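Please look over the sequence and the structure before reading on.

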Amino acid sequence: MSFDIFDFVRDVLNINISAISEKALYKTSYESSFGNINISRAVAPGGRRVLQGIWDIRLGREEFFSSPLFPVILSVTFYFSLCTPFMIFDLFGKNWKWIQKYKIQPDFEVTTAHCLDTLGLTFWNHVLFVLPAACAQWVWTPPTPMPDLAPTVFDFVWHQMAALLIFDFQYFVWHWTHHKIRFLYKHVHSIHHRYHAPFCWVTQYLHPWELVTVGFLTTTNTWFFDCHPLTTWSYMIISIIVSVEAHIGFDFPFTLNYLTYGFIGGAPKHDMHHYKPMTNFQPFFNHLDRIFDTFCPVMKAGGVKPQELLDYERKQRETKKFR
């Protein structure tokens, strides 16, 4: 007997929800054509789109993909799947020289106790905060409109880039504030800084207030552009990739800081933030840290300090002498 996971999940999601959504929440039935009108700026009519083949995966599974729970399932599943290989590198690859030579802070050894600690807080945050929010979204949020056309490549790219830049600015302000105001750092953000050398599970090792704030900002930024669902889901995945990559603790030659020619800070930059907490507040990019003089040069793989970082530390020491 064949088994279709999409059909199974769809049936689970639809238990009593169709009756609730039609009778209790909406005066009119949901029309799929509404999506074509509501997202007209993202999917102008006419022509076959480059991304149409990907978008057509939804055909026959619209109830599954339009469920308010789908973005939650997507993000949580992708986060844990992405972190798992790096956990294996940390726990079982201690003698793999081809991996360990890329460690940014090689003196810090990730242990099983560290993983259990970070995973424990992540688990309870998901049970106590993410799950209730997902249930509320399941009941009170209407199904996601499913337009017929995929987004144009132009809209698909610029909407995500704009949302990332907006979030980057928002979190830079939030992050800087929670370091400068002692009360906020002590009672909120210090949890994330329990480890001076980050590893993958530190990504969501957060105080509930920080988790809720980051989740809210990430979710709502695509609303500014009335994004196509495919764009929104891709933005969520990219945000997770950039966030996890910033915490892996490895300076691989194929990571984002190299692939974007330094436009994205990547793991070395955020690793340096945990090492020197009053620097490198920007989560993704570098421009704001450079503008506001909070940028700190980074260590390379193997804990190597380049000349730029050595000059930075020397200037910091000299400045303190004259204060």
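## Helix α11

In this predicted model, six residues of α11 are listed as buried: Glu-210, Leu-211, Thr-213, Leu-217, Thr-218 and Thr-220. These buried residues pack against three other helices, namely α8 (112–140), α9 (153–180) and α12 (229–247).

Helix α11 itself covers residues 208–220, which is 13 residues. From the first C-alpha to the last, α11 reaches 18 Å, close to the 18 Å expected at 1.5 Å a residue.

## Helices α6 and α8

Helix α8, one of the partners of α11, also meets helix α6, which spans residues 70–92. The axes of α6 and α8 come within 12 Å and cross at roughly 175 degrees. An angle over 145 degrees counts as roughly antiparallel, and α6 and α8 are therefore roughly antiparallel to each other. On the α6 side, the contact is made by Val-72, Val-76, Phe-80, Met-87 and Leu-91. On the α8 side, the residues are Thr-112, Cys-115, Leu-119, Thr-122, His-126, Val-130, Ala-134 and Gln-137. Sorted by kind, the residues of this contact are nine nonpolar, four polar and no charged.

Thr-84 is another residue of helix α6. With 31% relative accessibility, Thr-84 counts as partly exposed. Its C-alpha atom is separated by 8.9 Å from that of Trp-201, although Thr-84 and Trp-201 are 117 residues apart along the chain.

## Loops with a positive phi

Most residues other than glycine have a negative phi. Which way do Asp-226 and Tyr-261 go? Asp-226 has a positive phi, near 50 degrees, and Tyr-261 has a positive phi of about 55 degrees. Neither residue is a glycine.

Asp-226 lies in the loop between α11 and α12. Tyr-261 is found in the loop between α13 (256–259) and α14 (266–275). Tyr-261 is exposed, with a relative accessible area of 80%.

The loop between α14 and α15 (287–291) holds Thr-279. Thr-279 is buried, with a relative accessible area of 7%.

Which residues does Thr-279 touch, once its neighbours within four places in sequence are left aside? Thr-279 is in contact with Met-272, His-273, Thr-294, Cys-296 and Tyr-312.

## Salt bridges

Side chains of opposite charge can pair when their charged atoms come close. The count of salt bridges in the model comes to seven. Among them is the pair of Arg-58 and Asp-56, whose side chains meet at 3.3 Å, N to O. Arg-58 is buried, with a relative accessible area of 5%, whereas Asp-56 counts as partly exposed at 24%.

Lys-269 forms a salt bridge with Asp-289, and the closest N and O atoms of this pair are 2.7 Å apart. Lys-269 lies in helix α14 and Asp-289 in helix α15, so the pair ties together parts that are 20 residues apart in sequence. Lys-269 is buried, with a relative accessible area of 3%. Asp-289 is buried as well, with a relative accessible area of 0%.

Glu-318 forms a salt bridge with Arg-314, the closest N and O atoms being 3.3 Å apart. Both residues belong to helix α16 (residues 307–321), and being four residues apart there, they are separated by about one helical turn. An α-helix has 3.6 residues a turn, so residues three or four places apart point the same way. Glu-318 counts as partly exposed at 35% relative accessibility, and Arg-314 counts as partly exposed at 36%.

Which residues are linked in a network of salt bridges? Lys-276, Lys-305 and Glu-313 are linked in this way.

Note on methods: Residues numbered from 1 in each chain as written. Predicted model: local features only at pLDDT ≥ 70, side-chain atom pairs only at ≥ 80, totals over all residues. Heavy atoms only, no water. Helix = DSSP H or I, 4+ residues; strand = E, 2+ residues; numbered from the N terminus. Expected span 1.5 Å × (residues − 1). Buried < 20%, exposed > 50% of the residue type's maximum accessible area, 1.4 Å probe, protein only. Contact = heavy atoms within 4.5 Å. Axes fitted to C-alpha atoms, helices over the stretch in contact; angles between N-to-C directions. Parallel < 35°, antiparallel > 145°, perpendicular 65-115°, else oblique. Nonpolar A, V, L, I, M, F, W, Y, C, P; charged D, E, K, R; others polar. Salt bridge = Lys/Arg side-chain N within 4 Å of Asp/Glu carboxyl O.
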